[in-house]
Every structure is written in C-alpha cells, then in structure tokens.
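Subject: Handover of a structure

Dear colleague,

Please find below the structure that I am handing over to you.

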Amino acid sequence: MTEINVIDNAVATERVTRLRDAATPNREFRRLLRDLSSILVYEALRRAPLAPVDVTTPMGPANGARFERLPLIVPVLRAGLGMLDAALDLLGDAEVAFVGLRRNEATLVAREYASTLPESLDGRDALILDPMLATGGSCIHACELLREARAAQVTAVCVIAAPEGLEKVRRSGLADAVYVAALDESLNDDGFILPGLGDAGDRQFNPA
C-alpha cells in the first residue's frame, strides 16, 4: 500500500505560497523550489536505512551512522531538474538517472522520450523528483520503469498533488510512498492542478 505524506511544516507552506504567486520571477521560483525540495527530500529520507560507524571527534571516539546505500535519484524531465540540486546537497555522491516524459495535451497520457535508468537496480531504493503530481500518469510511468529495473523502495517527492492523481498512484501500488507539500482541490479539464502554480517547467526555464 502506498503511504501518502502531506508535509505539515510552516516553512514548506510559506514556500508553496510564494511559488504559487504568478508575480514570482523565474529566478526566485527556482530558488524557492530548491528550498522546498530540501524539506521534502529530508522528510522522505526520515526512515532511510543506516549502517553503524565509529568516528573520532576532537574529544575522542563516538558512535554514529551513515547511509547503508544511497538511493538512485530520478528527476522527471524537465521540471524535476529544479529539485535535483537540493537532493544532491543532502545525498552527496548518489547516482542520478533521468526519465523524460512529455504529456499529450489531448489525451493527457505521458509519453517517454528519454531514460538513463540502469538496466538493473538490484534492490536499490529510488527517489522520484517531480514538482507536480497532476493526473498521476508521469509518476506511474516512472514507477513502472523502476519496478522493471527491480528497485526496492520507490518514493515519489512532489511539491503539489491533485487528489485525482494521488488516488491513481495509490491504487496502482507502484510507489511505496509519496511526499507532497500541498494537496490541492482538483484537476481542470486540461489536466492542470487547481489552484496549482501553473507549469513548473515554464516557470523555471521560460522567462515571461
């Protein structure tokens, strides 16, 4: 069963509000998205497996822990690129693979145009990065690719989700968990989230 997590955090709520604002310029939008992605990835890794290690502090020995195995980070192109640096800041040398999906605006079905996923993940965890979970099609497609590559835990990290898309992902059972900063009202007839924040890719990379 897919675990749904809506992050109840004052900083996250404030960043979402500023991302929604149509007056927020591209440069500021990218910075806010990075801030928010750090919060979301932090929460998504709360129960990541750790291995015990011993270190030496300036005062002597201490017990600690390091990640047992870093997850594969999978930004969904193009909008997911804005979340990548935040994930790498937290995960250091984690491997990154890209999935490129383009939605047909008539059918609302996502079509894959690129993938750099390894043929086999051999039981590694994976973290999908995609700001918008609208119809759920892109998330499900990315999950399907990761399951075919034998991923272990698959977690989707999104900024805003529509109830329809989130329910579709939940029913698919392909994601172990989904982390979002805001659950919005609905989708419109064109498959955009309401009230949403517009096209996350355009707002990062296409100056008005």
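I begin with Ala114, which is partly exposed because its relative accessible area of 29% falls between the limit for buried, under 20%, and the limit for exposed, over 50%. Please bear in mind throughout that this is a predicted model. Ala114 belongs to strand β6, which covers residues 110-115. Leaving aside residues up to four places away in sequence, Ala114 touches Phe98, Val99 and Gly100.

Turning to the chain as a whole, six helices and twelve strands are present. How does the radius of gyration of the chain stand against that of a compact globule? For 208 residues, such a globule would have a value near 17 Å, and the chain, with 17 Å, agrees with this. Along the principal axes, the C-alpha atoms fill a box of roughly 60 × 40 × 30 Å. Buried residues make up 45% of the 208 in the chain. When contacts between residues at least 6 apart in sequence are considered, 64% of them join residues at least 24 apart.

Strand β9 (residues 154-161) has eight of its eight residues buried, so it is largely enclosed by the rest of the structure. Which strands are joined to β9 by bridges? Strand β7, residues 126-129, runs parallel to β9 and is joined to it by four bridges. Within this pairing, Ile128 has Ala156 of β9 as its bridge partner. Strand β8, residues 132-133, also runs parallel to β9, with two bridges between them. Here Leu133 stands opposite Ala161 of β9.

Finally, there is a feature of the surface to report. Ile4, Val6 and Leu183 form a nonpolar patch there, and their accessible area together is about 230 Å². Of these residues, Leu183 lies in strand β10, which spans residues 177-183. Leu183 is partly exposed, because its relative accessible area is 43%, a value between the 20% and 50% limits.

Yours sincerely

Key:
Residues are numbered from 1 along each chain as its sequence is written. This is a predicted model: local features need pLDDT of at least 70, side-chain atom pairs count only at pLDDT 80 or more; totals for chains, interfaces and linings use all residues. Side-chain values use heavy atoms; hydrogens and water are left out. Patches are made of residues with over 30% relative accessible area and no salt bridge: like charges are joined within 9 Å, nonpolar side chains (Val, Leu, Ile, Met, Phe, Trp, Tyr) within 5 Å. Accessible areas come from the Shrake-Rupley method with a 1.4 Å probe; for residues, only the protein chains shown count as cover. A salt bridge is a side-chain nitrogen of Lys or Arg within 4 Å of a carboxyl oxygen of Asp or Glu. Buried means under 20% relative accessible area, exposed over 50%, partly exposed in between (1.4 Å probe, protein chains only). The radius of gyration is taken over C-alpha atoms; the globule rule is 2.2 Å times the number of residues to the power 0.38. Contact means heavy atoms within 4.5 Å. Two strands pair if DSSP finds at least two bridges between them.
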